[in-house]
There are 4 protein chains.
Amino acid sequence: METIRPLHEKRNTAILLIHCPDKQGILATVTEFLNKNKGNILYLDQHVDRQEKIFYMRVEWELDNFSIPREKIGEYFNTLIGAPLSMYWRLYFSDEIPRMALFVSKMSHCLFDILARYTAGEWNVEIPCIISNHEYLKPVAERFGIDFFYFPITKANKDEQEKKEIELMKKLKVDFVVLARYMQILSKEFVELYPNKIINIHHSFLPAFAGAKPYHAAHERGVKIIGATSHYVTSQLDAGPIIEQNVTRCSHVDTVEKLTRKGRDLEKIVLSQAVFKHLQRKILVYHNRTVVFN
Amino acid sequence: METIRPLHEKRNTAILLIHCPDKQGILATVTEFLNKNKGNILYLDQHVDRQEKIFYMRVEWELDNFSIPREKIGEYFNTLIGAPLSMYWRLYFSDEIPRMALFVSKMSHCLFDILARYTAGEWNVEIPCIISNHEYLKPVAERFGIDFFYFPITKANKDEQEKKEIELMKKLKVDFVVLARYMQILSKEFVELYPNKIINIHHSFLPAFAGAKPYHAAHERGVKIIGATSHYVTSQLDAGPIIEQNVTRCSHVDTVEKLTRKGRDLEKIVLSQAVFKHLQRKILVYHNRTVVFN
Amino acid sequence: METIRPLHEKRNTAILLIHCPDKQGILATVTEFLNKNKGNILYLDQHVDRQEKIFYMRVEWELDNFSIPREKIGEYFNTLIGAPLSMYWRLYFSDEIPRMALFVSKMSHCLFDILARYTAGEWNVEIPCIISNHEYLKPVAERFGIDFFYFPITKANKDEQEKKEIELMKKLKVDFVVLARYMQILSKEFVELYPNKIINIHHSFLPAFAGAKPYHAAHERGVKIIGATSHYVTSQLDAGPIIEQNVTRCSHVDTVEKLTRKGRDLEKIVLSQAVFKHLQRKILVYHNRTVVFN
Amino acid sequence: METIRPLHEKRNTAILLIHCPDKQGILATVTEFLNKNKGNILYLDQHVDRQEKIFYMRVEWELDNFSIPREKIGEYFNTLIGAPLSMYWRLYFSDEIPRMALFVSKMSHCLFDILARYTAGEWNVEIPCIISNHEYLKPVAERFGIDFFYFPITKANKDEQEKKEIELMKKLKVDFVVLARYMQILSKEFVELYPNKIINIHHSFLPAFAGAKPYHAAHERGVKIIGATSHYVTSQLDAGPIIEQNVTRCSHVDTVEKLTRKGRDLEKIVLSQAVFKHLQRKILVYHNRTVVFN
């Protein structure tokens with residue numbers, strides 16, 4: 001099915017994400033580089049971590065009158081600014097649409113939320129595949145016209161199946177992965193292929209209740225607030241850089257079933273907000289923490 | 001398409017919703033009536049408004065061993081308790097599935113949220129029709145296998161079209177109506193046919209910014225928090241009994257477009273939470289205010 | 001100094017807090033007992049934990065026309081209802097003003113918040129003593145006209161000093177203890193003298209970041225929300241029954257110092273809300289969880 | 001009484017607050033001006049309102065090695081940058097401690113909250129006077145060692161009394177005014193003497209329930225969330241630029257008295273957060289809206 005309505009305006013822009021050791025004048029240097037070359041700045045945000053002495057920046061500018069040819073921007077920037085200032089930097093173009101692989105198991109709420117946004121044109125994204133260890137949600141994928149791939153996982157076949165998944169994703173030119181309540185732990189090898197490119201939703205307010213059955217644990221502990229946490233996946237379970245969190249009140253009247261129900265509404269919104277920040281290239285990771293620009 | 005997974009347990013229960021002038025012993029009287037007739041109480045909540053001197057109650061009990069035949073419960077209750085205590089009361093059975101008409105215009109986020117819950121079996125509801133003044137969302141209805149009815153509205157034909165809509169709803173035995181960002185104001189006649197049975201979502205924190213373009217108004221006023229409000233529709237615009245509200249922070253960086261985007265996530269959750277409370281028969285209305293049980 | 005303004009109305013009421021194994025008719029039995037003896041019910045709330053099969057109730061009624069003499073209510077209730085139904089119950093009278101010991105160290109924000117409410121007459125409480133392991137906040141105690149007792153704590157003298165504190169509290173007829181950012185861990189012996197009668201504020205969203213330096217830990221983990229938790233103290237550190245929690249958003253711009261500052265506003269409100277619930281006799285504890293009535 | 005503990009570090013810095021028509025290169029121009037003159041930047045935040053085409057900036061730098069003498073900074077900046085770029089700008093020095101007049105009536109919660117922070121050294125502020133239309137809170141002022149001035153207000157004497165208040169404030173070199181639940185409407189003349197320098201707390205989520213008795217109005221309307229709003233006072237009642245807002249949930253069980261109690265906790269925190277932002281020079285006002293930097 002076609003996009004119902006494109007909600008985002010098309011822009012011909014470039015985006016730079018930067019972090020580097022802080023020193024005087026970086027901000028002026030970068031903005032001057034863009035100004036001098038007629039790059040009209042549409043967005044600029046920066047942050048200095050004064051304790052760690054790290055400078056972070058996101059800048060987006062129009063390419064239309066920019067005097068450096070698009071394919072040369074990276075080279076020029078690195079030669080003139082990036083390398084001299086020991087920068088980590090990434091350059092993105094707004095017309096390059098990121099390709100996302102969706103991993104699901106049996107629960108549909110995050111999947112539906114993402115597909116609804118995709119269909120409504122809320123996001124600038126392609127979804128070349130939905131991958132699952134169950135056939136359960138195949139009808140949902142079909143209904144939205146997205147290819148569904150079934151990779152049942154057992155202890156015995158896990159390595160092999162992951163290899164096939166990775167092969168498929170390479171073939172489909174997948175840029176990043178979203179685990180929309182995918183109930184399998186990815187291997188270290190898989191995770192390291194997509195550093196800061198696998199977004200997970202954990203159904204607790206991390207670091208509380210990491211691991212399995214967090215709503216049961218929350219109920220058992222008698223908390224008065226439950227939460228959900230989206231984070232980049234690292235090889236350490238539920239310990240990767242946190243992108244977004246949200247919470248809602250609960251009380252003694254809430255059974256585990258009710259907490260689970262309330263939690264679903266948190267999970268899907270928190271995951272989708274994290275994916276949107278990722279798609280907008282607004283997240284920088286440093287030392288297992290994120291800088292998430294507005 | 002079939003329900004993916006029934007998340008709610010099937011129960012053979014009856015539900016009583018009551019309000020009446022407060023006096024000593026009402027609670028004991030009602031619970032004794034159920035206990036004596038072997039009605040195992042699964043849920044009981046009550047509230048006394050001591051200022052207005054009104055007693056409110058919701059009680060749900062198992063029908064399996066209840067000694068009064070199902071079809072006689074209303075009569076017995078009214079004769080023995082309801083009439084003597086001047087009660088307003090409603091009796092519902094959990095196996096009677098409410099039938100909901102969905103009204104939409106062009107925005108899909110609330111529609112998708114409701115259809116996702118419906119498909120996942122989160123709600124005990126039937127959706128016999130989606131009604132719209134635009135053809136825009138017809139593909140979504142088709143994708144979920146729900147009949148779509150197109151009633152274009154102009155100043156000239158509004159009365160006539162509403163009559164057709166009402167006729168259709170009667171034919172389809174619709175119990176209540178959900179306006180999922182339906183951008184038309186219903187006539188007084190329409191509204192009065194469904195008292196406390198039309199649920200609307202307004203995209204502001206009512207009573208702030210009632211009427212058109214609330215995100216523009218919120219931006220203009222420079223608020224630091226935006227909200228969404230679900231309410232029963234009355235003949236006075238955006239002034240009906242409030243069911244649920246939620247808010248999210250905003251700041252000077254948020255344009256009207258960004259507020260609209262943030263607001264969509266509020267709107268769909270707040271509307272769906274209100275619909276769920278309605279489906280659970282947990283809402284009582286008195287003097288334009290709601291009692292919403294837990 | 002005198003109370004500036006008594007904000008609470010004086011009431012001549014009794015309060016019953018109950019929990020017991022759930023069975024049919026408890027609610028009717030208790031309310032009938034009050035109704036028959038002309039106890040006008042001002043407040044009633046109940047909860048049934050259907051998984052654990054426990055019934056919880058709080059009921060408050062006027063003593064003015066109650067036909068059982070005040071000093072006999074406990075005996076009658078126990079004989080007629082409490083013992084037969086295996087109830088845990090507590091009876092309180094609204095004119096018996098609870099006596100609270102305040103423990104502080106060096107931080108003043110929770111202390112000021114409590115003393116401001118006390119002075120304004122917000123709470124029905126007496127504060128016969130402020131106890132501290134530092135002399136730092138003595139001027140604050142003096143300013144509010146409350147006796148200040150200094151018990152410096154070292155590893156060597158801890159047992160002995162705690163004994164003196166307990167002696168003092170017994171002499172002053174202290175009913176319950178509030179740890180208003182008291183930076184010492186109480187001994188098992190101390191804690192067991194006041195079961196569910198010592199309220200602590202922990203400066204994190206428990207169970208995340210239990211123990212020392214939670215704001216440092218929160219910063220290190222890169223969370224996007226911080227919290228505060230008030231709970232009854234048990235012999236297991238930061239693991240007692242949670243009474244109230246609240247949270248606030250933070251981001252990459254927040255240093256540990258800023259988190260600490262934001263957190264102070266949470267801590268004082270969350271602690272005072274917990275103390276108020278305790279003073280109103282609205283908390284029941286069962287299996288390390290609380291039922292907190294509205 | 002002396003400050004209990006200075007929580008803020010002393011800094012020898014200058015702060016520039018700027019807004020001006022947006023054009024390319026402003027950010028680079030300002031940061032270069034500071035860099036070239038050896039001003040080590042400690043804080044920089046900026047915002048561009050692309051719809052209104054306005055550039056906003058707050059920058060703070062160390063004066064220690066700054067090559068322009070302190071008393072010349074304003075002149076140099078204006079000549080070289082401010083005037084050519086049509087800037088509105090304000091220069092502040094961190095060692096100039098702002099002087100705040102506190103206006104109160106009978107309610108003490110906001111007053112106590114402010115005085116607690118002042119005493120604890122949380123804020124860089126002097127409080128030369130507490131002004132009231134009642135003698136009620138005089139004992140609180142005395143307890144904290146702050147001069148209290150009583151100006152009873154009647155319809156007849158209002159103009160005259162305001163003149164005396166203004167005279168007093170001029171004599172005491174008051175920089176800005178905080179209305180800590182002061183229950184009088186200031187005259188247009190008073191307000192215009194302190195443009196964007198009078199901070200009020202209104203006990204509702206503005207623009208809902210402006211004017212008198214907002215908790216009564218909120219109860220009447222049956223809202224599910226209540227709020228508090230701090231704003232700069234303008235000659236239009238409750239319509240000035242909003243600085244900060246916060247909300248809390250309520251329900252049908254909340255009487256007006258309970259809403260008022262819940263609201264007090266919001267009011268005092270929201271007001272103090274606004275005052276703190278003002279003291280940090282983090283607020284810019286443009287077209288009745290605020291930019292509040294992090």
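A: The charged end of C:Arg143 sits over the ring of D:Phe144, 4.5 Å from the ring centre (NZ of Lys or CZ of Arg within 6 Å of the centre and within 35 degrees of the ring normal), and the charged end of B:Arg143 sits over the ring of A:Phe144, likewise at 4.5 Å. This is a predicted model, in which local features need pLDDT of at least 70 and side-chain atom pairs pLDDT 80 or more, whereas totals for chains, interfaces and linings use all residues. Side-chain values rest on heavy atoms, without hydrogens and water, residues are numbered from 1 along each chain, and chains are lettered from A and ligands numbered from 1 as written.

Over all chains there are 44 aromatic pairs (Phe, Tyr or six-membered Trp rings with centres within 6.5 Å; stacked under 30 degrees, edge-to-face over 60, otherwise tilted). A:Phe33 and A:Phe66 are edge-to-face, because their planes stand at 75° with the centres 6.4 Å apart. This pair joins helix α1 (residues 26-36) to the loop between β3 (54-62) and α2 (73-82) of chain A, 33 residues apart (DSSP runs: helices H or I of at least four residues, strands E of at least two). A:Phe33 is buried at 7% relative accessible area (buried under 20%, exposed over 50%, partly exposed in between; 1.4 Å probe, protein chains only), and A:Phe66 is buried at 8%.

A:Phe77 and A:Trp89, with centres 5.7 Å apart and planes at 75°, are also edge-to-face, and because A:Phe77 lies in helix α2 and A:Trp89 in strand β4 (residues 88-93), the pair ties together parts of chain A 12 residues apart. A:Phe77 is buried at 1% and A:Trp89 at 19%. Together with A:Trp61, the residues A:Phe33, A:Phe66, A:Phe77 and A:Trp89 form one aromatic cluster.
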